[in-house]
Amino acid sequence: MSEEYASDHEHEVSAEYLYPADADVLDIYERDGTLYVDVATVCPECSDTLALSASVESVRGVDVDLPLDDDYYD
Ligand SMILES: [Zn+2]
């Protein structure tokens with residue numbers, strides 16, 4: 001296992017095969033003073049649904065309206 005994150009899934013996930021349009025936010029929460037985001041996405045190899053947990057490192061304003069429409073991903 002060479003990946004830098006902890007995983008209990010048999011396949012390594014790479015950004016090369018992950019697409020925002022296939023992902024959705026599961027949860028946003030705070031733990032020990034750190035903000036976390038859980039994102040559900042699909043494993044490119046076996047199509048199982050995976051939850052990716054990420055700690056928030058920055059917050060900035062962005063010029064988009066929510067919910068994102070399909071044009072955003074083009
Ligand atoms: Zn998999």
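Reply: What follows goes through the sheet strand by strand and then turns to the chain around it.

The model is a predicted one, and its chain has three strands and zero helices, so that the pattern read along the sequence is β-β-β. The three strands form an open sheet in the order β1-β2-β3, with antiparallel pairing. β1 and β3 (49–55) stand at the edges, and because each has a single partner strand, one side of each is left without a neighbour in the sheet. On average, and with direction ignored, neighbouring strands of this sheet are turned by 20° against each other.

Strand β1 covers residues 24–31, and seven bridges join it to strand β2 (residues 34–42), the two running antiparallel. Within this pairing, Val25 has Val39 in β2 as its bridge partner. β1 and β2 form a hairpin in which two residues lie between the strands, and Asp32 in this turn has a positive phi of about 55°.

On the other pairing, β2 and β3 are joined in the antiparallel sense, again by bridges, of which there are seven. Several positions show how the two strands are set against each other: Tyr36 stands opposite Ser55 in β3, Val37 has Ala54 in β3 as its bridge partner, and Thr41 stands opposite Leu50 in β3. β2 and β3 also form a hairpin, here with six residues between the strands, and Ser47 in the turn has a positive phi of about 65°.

As background to these pairings, strands of a sheet pair through backbone hydrogen bonds, either parallel or antiparallel. In a regular strand the side chains alternate between the two faces of the sheet.

Of the eight residues of β1, the number buried is zero, so β1 lies largely in the open. For β3, the number buried among its seven residues is likewise zero, and β3 therefore lies largely in the open. For the chain as a whole, 0% of the 74 residues count as buried.

Turning to the overall dimensions, the C-alpha trace of the chain spans about 40 × 35 × 20 Å along its principal axes. Among the contacts in the chain with a separation of 6 or more, 27% are accounted for by residues 24 or more positions apart.

Key
Residues numbered from 1 in each chain as written. Predicted model: local features only at pLDDT ≥ 70, side-chain atom pairs only at ≥ 80, totals over all residues. Buried ≥ 20, exposed ≤ 12 C-beta atoms within 10 Å, placed from the backbone. Helix = DSSP H or I, 4+ residues; strand = E, 2+ residues; numbered from the N terminus. Pairing = 2+ DSSP bridges. Axes fitted to C-alpha atoms, helices over the stretch in contact; angles between N-to-C directions. Contact = placed C-beta atoms within 7 Å.
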